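Colleague: Please take me through this model one topic at a time, stating the cut-offs as each term comes up.

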Amino acid sequence: MVRHGGDGWVVEENRTIVPGAPAQTCFVASFSWCRKKQVVDLEEEGLWPELLDSGKIEICVSDWWGARHDSGCRYRLIVQLLDADQTVLDKFSAVPDPIEQWNNNVCFQVTHVFSNIKMGVRFVSFEHWGQDTQFWAGHYGARVTNSSVILRISQP
């Protein structure tokens, strides 16, 4: 699900190397809030209910975001664990301080690990938002890349 605020999202080359990223490209937001949301169906991805409800899994989420040197940006991340009816069982959100203009193309990683997961989790909703702080036409907003949702089995 994509919401194109301002001039919408575009794909560009990263301005800073993102460690471990298989592709050095990113989605770039515009002057009004742009949103991308994906809902991952864990069973469709090959996980079975007994494993998901075993209490032995962790769900690790990660997202890289940054700015171009000549424009500041705002970013937010919202991740929700949902049951089969899409009811929220757990939630993580990050709203870091905006990156200021003239910033040397900085980028940051946001990570979170969901542990002690409630029974019934079947979906992960991963939603990030971006916007520039100069309100310039075009694509000067938050640059997001190398997003991931990884499920790992925890050791007793």
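Modeller: Two strands pair if DSSP finds at least two bridges between them, and both strands (E, at least two residues) and helices (H or I, at least four) are DSSP runs, numbered from the N terminus. This is a predicted model, in which local features need pLDDT of at least 70 and side-chain atom pairs count only at pLDDT 80 or more, whereas totals for chains, interfaces and linings use all residues. Residues are numbered from 1 along each chain as its sequence is written, and side-chain values use heavy atoms, with hydrogens and water left out.

Colleague: Which strands stand at the edges, each with a single partner strand?

Modeller: The model has an open sheet of five strands, paired antiparallel in the order β1-β4-β9-β6-β7. Each edge strand has one partner, so one side of it is left without a neighbour in the sheet, and the two strands in that position are β1 (2-3) and β7.

Colleague: Which residue in the turn between β6 and β7 has a positive phi?

Modeller: Strand β6 (residues 73-82) pairs with strand β7 (residues 88-94) in the antiparallel sense over six bridges. Within that pairing, Gln-80 stands opposite Lys-91, while Leu-82 stands opposite Val-88. The two strands form a hairpin with five residues between them, and the residue with a positive phi, about 70°, is Gln-86.

Colleague: With the side chain of which residue does the side chain of His-128 make a polar contact?

Modeller: His-128 belongs to strand β9 (residues 123-132) and, at a relative accessible area of 3%, is buried, where buried means under 20%, exposed over 50% and partly exposed in between, with a 1.4 Å probe and protein chains only. Beyond four places in sequence, its contacts (heavy atoms within 4.5 Å) include Trp-9, Cys-34, Tyr-75 and Val-144. A polar contact is a pair of N or O atoms within 3.5 Å; within protein, one must be able to donate a hydrogen and the other to accept it, and residues adjacent in sequence count only if both atoms are side-chain atoms. The side chain that meets this for His-128, at 2.8 Å, is that of Asp-63.

Colleague: Which cysteine has the sulfur closest to that of Cys-73?

Modeller: Cys-73 is buried at 0% relative accessibility. Its sulfur is 11 Å from the closest cysteine sulfur, too far for a bond, and that sulfur is in Cys-26.

Colleague: How many residues apart in sequence are the parts that the pair of Trp-9 and Phe-27 ties together?

Modeller: Rings of Phe, Tyr and Trp (its six-membered ring) pair if their centres lie within 6.5 Å, and planes under 30 degrees apart count as stacked, over 60 as edge-to-face and the rest as tilted. The whole structure holds five aromatic pairs, and Trp-9 with Phe-27 is an edge-to-face one, at 6.4 Å centre to centre and 85° between the planes. Trp-9 lies in the loop between β1 and β2 (10-13) and Phe-27 in strand β3 (residues 25-28), so the separation in sequence is 18 residues.

Technical notes:
Disulfide = S-S within 2.5 Å.
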